[in-house]
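I opened the model today to look up its strands, its core and its aromatic pairs. My notes are below.

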Amino acid sequence: MSQTLTPEVTWAQRSSDSDPERNYLYVNIKAADVPKADATLSITEKNVSFKGPSKKGVTYSVSLDLFAEIDPENSKVNHTDRDVELVLRKKELKEEFWPRLLESKQKMHFLKTNFDKWVDEDEQDEAGEDDYANNFGGFGGEGGDPGAGGLGNIDFSKLGGMPGMGGAGGMPDLSALAGGMGGMPGAPGAEGAEEDDEDLPELEEADGQKSTKIQEVS
């Protein structure tokens, strides 16, 4: 029987109150040797879930309940032999960073800062143009155009009720296994609420949730 593990997840972010293409999250799921055809990636406005069997006999599975809403249709995906790279467009244009990636303040052992991508909030305007998501990982196209850039392996036609998120069928919701998902309040490297060293404002969460399911295919 295949062993199920939670993969390491790293993240960083950028923010903008005027430019949607500079208002996003980098999320990297370290699931090595998972064939694209066997992996399921589900993205909704408040959740990202991944599940897939590795060639080495391990099944990776993770569900991330996000701090605030994203725009799934303008988010980007690149599935490689080493990991799954995501650029998730934040739904609300806002200058301030999210105080953490996940809704819960609980510290999660698998969630870490991506220091290669991280910049401080007050220094992000100094980052080069190649740092931004429209040039990240060779992704191309807006709104998940399957014929553009590196998105040819994604089937964007499967939109709808997102079975398995917060309820029935499909991808299991693994957030309960860890007692709720945690994140990174404040500065990089601090993942628990008690480790804040920046006083960042909380964001208002919007009511209502439209869902999108993105299925990796060969």
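The entries go from the whole chain to single residues.

**Ground rules.** I am working with a predicted model, where local features need pLDDT of at least 70, side-chain atom pairs count only at pLDDT 80 or more, and totals for chains, interfaces and linings use all residues. Residues are numbered from 1 along each chain as its sequence is written, and side-chain values use heavy atoms, with hydrogens and water left out.

**Whole chain.** I counted secondary structure first. The protein chain has 0 helices and 11 strands. Here helices (H or I, at least four residues) and strands (E, at least two) are DSSP runs numbered from the N terminus. I then checked burial: 51% of the 218 residues are buried. Buried means under 20% relative accessible area, exposed over 50%, and partly exposed in between, with a 1.4 Å probe and protein chains only. The accessible surface is about 9,900 Å², and 45% of it belongs to carbon and sulfur atoms. That area comes from the Shrake-Rupley method with a 1.4 Å probe; for residues, only the protein chains shown count as cover. I also looked at contacts (heavy atoms within 4.5 Å). Among those between residues at least 6 apart in sequence, 69% join residues at least 24 apart.

**Sheet.** Which strand order does the open sheet have? I read β7-β8-β3-β2-β9, 5 strands with mixed pairing. Two strands pair if DSSP finds at least two bridges between them. β7 and β9 (111-113) stand at the edges with a single partner strand each, so one side of each has no neighbour in the sheet. Neighbouring strands are turned by 25° against each other on average, direction ignored. Axes for this are lines fitted to C-alpha atoms, for helices over the stretch in contact, and angles run from 0 to 180 degrees between N-to-C directions. Inside the sheet, β2 and β3 run antiparallel and are joined by 7 bridges. Glutamine 13 has leucine 25 in β3 as its bridge partner.

**Strand β4.** Is β4 mostly covered or open? I found 5 of its 5 residues buried. Thr40, Ser42 and Thr44 lie on one side, Leu41 and Ile43 on the other. A hairpin of 2 residues leads from β4 to β5. The two strands run antiparallel, with 4 bridges between them. Leucine 41 stands opposite phenylalanine 50 in β5.

**Aromatics.** How many aromatic pairs does a search of the whole structure find? I got 4. Rings of Phe, Tyr and Trp (its six-membered ring) pair if their centres lie within 6.5 Å; planes under 30 degrees apart count as stacked, over 60 as edge-to-face and the rest as tilted. Tryptophan 11 and tryptophan 118 have ring centres 5.6 Å apart and planes at 80°, so this pair is edge-to-face. Tryptophan 11 sits in β2 and tryptophan 118 in the loop between β9 and β10 (154-155), 107 residues apart. Both are buried. Phenylalanine 67 and tryptophan 98 form a tilted pair, 5.9 Å centre to centre with 50° between the planes. Phenylalanine 67 has 2% relative accessibility, so it counts as buried. Tryptophan 98, at 3%, also counts as buried. Last entry: Trp11, Phe97 and Trp118 form one aromatic cluster.
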